[in-house]
Amino acid sequence: MTAVNGGDGNGAGPGRRPRKKAASLRPVIDSEPVREAARALVAAVREELAGRELSDDAYEKSLRRIGRQRGRPLLYPMIAGSRGKGARVFLADGTRKLDFIGGIGMYGFGHGDDDLLETAVVAAAGDVAFQGHLLPGPEYLGLTSALLKHAGPDLKHAWLSLSGAMANENALKIILQKHAPADRIVVFENAFHGRTLATAEMSDRPAFRQGLPLRGNVLQVPFYEPEREDSILHSLSVLDDHLRRYPGQIAGMCFEIVQGEGGFRTAPREFFTALMEHCRKHEIAVWVDEVQTFARTGELYAFRTFELESWVDVVTVGKILQGSAMLCTRAYNPKPGLVAGTYAGSTVGMALGQRIIERMEAEGYLGLEGRVAVLGRRIEKRFESLAKRMPKAVGPRSGIGAMQAFVPWDGSPEIAKTVLHAAFEEGLLLMNAGSEPTKIRMLPPLNTTDEELEACFTMLEKAMRRVAEECDLPC
Ligand SMILES: Cc1ncc(COP(=O)(O)O)c(C=O)c1O
């Protein structure tokens, strides 16, 4: 039979180049000519954008327009520009900020990282800018393989999606399907799992679900309370009460190893092992939500930093990954049709996610002496010395690695907000986390330099001294 294109059956018809057969789906970014072209494109775009700052008037107008279109102003009056580098970001009016929040944890290597920008443009130039589950490309396979490789031997399957909440929806569905008709899910007090209908109900933030119809199937357990000696037993007994009250009706329990929105609180390993062991005993799923912790605690997954791998059935990741994913064991592999959706993610996001994981491995970010752990210790030292200089202003620090927080003064939401806005005016971007107390958190780039850290704490101290003076607070 003649090949349709009249060629040799290898697709190499008239006017076509003979197809090269590769031994694997190695990312094309590794080819030097492609890398060089990408470098040139990134440089050209950055140069072109450099002279395009908005005038003060145009900037203000754009901010007002964004506010009108959203129906409310932005949290901080800022629009991103270009030319950012590391923790430093330029706004569209040309002013500079030190970004220690990274779009709430999105930017693992900060702004303007040459390697990631080049990876992104190459990924975008290949075939299509977005990929679905029907026709996955090499980036899809590259990312799922990288995620599974670091997840330990038991997690066998991975489904990509677009947001942390979407990954969590997938996790919730596979857990409910496997444990049907059990339809209840246990979460921690102060948890945050997203803003879809189901994840908003799982989150301990009543304001975020105001007016929504609730299913009433979420049960809460207290998170670890360091000031309580019997904290582990207390949480265990609350879990036990739920199990007794709803026999056969609980499908799983969701863990944040470091509570993100809940205030960067964590717990000793024994707290998690006790609860996870109890879940195992009662045959309910152990699900770890790593959307915020992913890549920030020393290992890629916080459940590995805390050596909890033998209990984990389902994991969700997002933020730094530039997309999201749900990973599960063979036993939780869902029935066809339960998870999918049109989009799996952007080709760029997938290529970046894989590249970020590879670089964390290759450039020494992982492990007890890895760069993330070292960064954490450097931040902790800075907090210690700030607390010595301002003992009445700097309250307890919490968090781990590249997710750190502290309580300013009495931890009231008003004081935290005042400090955040003063820091913004000094040129430093931070966010609040938790309530009672409200903390100030930082999610800095994993490759934060000493100079950036120094600048961060100088601005933070200046901001706090200003607040002390303006609000008549002790230092
Ligand atoms: C632990 C956790 N889970 C889920 C989410 C939701 O992720 P997304 O905002 O990407 O939907 C977040 C977001 O902050 C989170 O911190």
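**Strands, a helix and a core**

Trainee: What is the bridge partner of Val 187 in β6?

Mentor: In this predicted model, Val 187 has Gln 220 of β6 as its bridge partner.

Trainee: What makes β5 and β6 a pair of strands?

Mentor: Pairing requires at least two bridges between the strands, and 4 bridges join β5 (residues 184-188) to β6, so the two strands count as paired. They run parallel.

Trainee: Where do β4 and β6 stand in the sheet, and why is one side of each left without a neighbour?

Mentor: The sheet is open and has 7 strands, in the order β4-β12-β11-β10-β7-β5-β6, with mixed pairing. Because β4 (155-161) and β6 (218-221) are at its edges and each has a single partner strand, one side of each lacks a neighbour in the sheet. Between neighbouring strands of this sheet the average turn is 20°, with direction ignored.

Trainee: How do you know that β11 pairs with β10 in the parallel sense and with β12 in the antiparallel sense?

Mentor: With at least two bridges needed for a pair, β10 (residues 285-290) and β11 qualify through 4 bridges in the parallel sense, and β11 and β12 qualify through 4 bridges in the antiparallel sense. In the hairpin of β11 and β12, 6 residues lie between the strands, and Lys 319 takes a positive phi near 45°.

Trainee: Which residues of β11 point one way and which the other way, and what makes them buried?

Mentor: Val 314 and Thr 316 point one way, whereas Val 315 and Val 317 point the other way, and all are buried. That word means that each has 20 or more other C-beta atoms within 10 Å of its own. The helix α5 lies across β4, β11 (314-317) and β12 (324-329), at about 135° to β4.

Trainee: Which residues have the most contacts inside the largest nonpolar core?

Mentor: That core has 126 residues, and Val 314 and Val 315 are among those with the most contacts inside it, together with Trp 287, Val 419, Leu 428 and Leu 430. Helix α6 (residues 164-179) gives the most to this core, namely 8 residues.

Trainee: How do you know that the reach of α4 is close to the 18 Å expected?

Mentor: Helix α4 (residues 114-126) has 13 residues, and at 1.5 Å a residue the expected value is 18 Å, while from first C-alpha to last the helix reaches 19 Å. Its buried residues include Leu 116, Glu 118 and Val 122, and what covers the buried residues of α4 includes α1 (32-50), α5 (138-150) and α11 (347-362).

Notes
Residues numbered from 1 in each chain as written. Predicted model: local features only at pLDDT ≥ 70, side-chain atom pairs only at ≥ 80, totals over all residues. Expected span 1.5 Å × (residues − 1). Buried ≥ 20, exposed ≤ 12 C-beta atoms within 10 Å, placed from the backbone. Contact = placed C-beta atoms within 7 Å. Core = buried A, V, L, I, M, F, W, Y, C linked by C-beta atoms within 7 Å. Axes fitted to C-alpha atoms, helices over the stretch in contact; angles between N-to-C directions.
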